[in-house]
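Hi,

Here is the structure I promised to pass on.

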Amino acid sequence: MTFWRTVGVGVWVGVSLALVVGGCGTTGTSVDREKVEFHYKLANTSYYEHNVIVALRELTTVLEEDPEHPDALHLMGFILFGRKEHASAERHFRKALTIRPGFLDARANLGALLLATRRWSEAI
């Protein structure tokens with residue numbers, strides 16, 4: 001059985017009842033990749049539809065399940081940067097870069113944050 005929910009204008013997300021009821025739990029310390037990716041995609045979609053509150057909630061869910069998800073860390077940092085929560089945003093960008101050193105978007109946004117906080121020498 002599948003439930004359909006409108007996430008935004010013209011965007012529909014189908015969620016299997018098995019995923020909602022049985023598939024969202026964790027087993028031990030292993031990461032439930034389906035749950036993580038579902039919540040990350042919902043966070044990403046929510047952010048681009050200007051629903052930052054939902055995006056933050058979903059990113060928190062992702063990072064609770066997988067604290068080393070570089071894309072979620074980057075998006076969380078990006079949102080926090082926009083909210084002028086610079087210290088937290090910087091931590092998220094740096095952690096994303098530690099996990100994925102070639103992550104150009106995270107590197108560029110960290111550079112922008114360093115410039116915005118007038119840390120010129122670190123930005124180079």
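First, the ground rules. This is a predicted model, in which local features need pLDDT of at least 70 and side-chain atom pairs count only at pLDDT 80 or more, while totals for chains, interfaces and linings use all residues. Residues are numbered from 1 along each chain as its sequence is written, and side-chain values use heavy atoms, with hydrogens and water left out.

The protein has a mean pLDDT (the predictor's confidence in each residue, from 0 to 100) of 83, and 77% of its residues reach 70 or more. Residues 1–28 have pLDDT below 50, and beyond near neighbours in sequence this stretch has 41 contacts (heavy atoms within 4.5 Å) in the model. Where pLDDT is low, the predicted coordinates should not be read in detail.

In H5, the buried residues include His92, Phe93 and Leu97. H3, H4 and helix H6 (104–116) are among what covers the buried residues of H5.

Finally, the axes of H2 and H4 (lines fitted to C-alpha atoms over the stretch in contact, with angles from 0 to 180 degrees between N-to-C directions) come within 11 Å and cross at roughly 30 degrees. Tyr40, Ala43, Asn44 and Tyr47 of H2 make the contact with Asp71, Ala72, Leu75, Phe78 and Ile79 of H4.

Best wishes

Key:
Buried < 20%, exposed > 50% of the residue type's maximum accessible area, 1.4 Å probe, protein only. Helix = DSSP H or I, 4+ residues; strand = E, 2+ residues; numbered from the N terminus.
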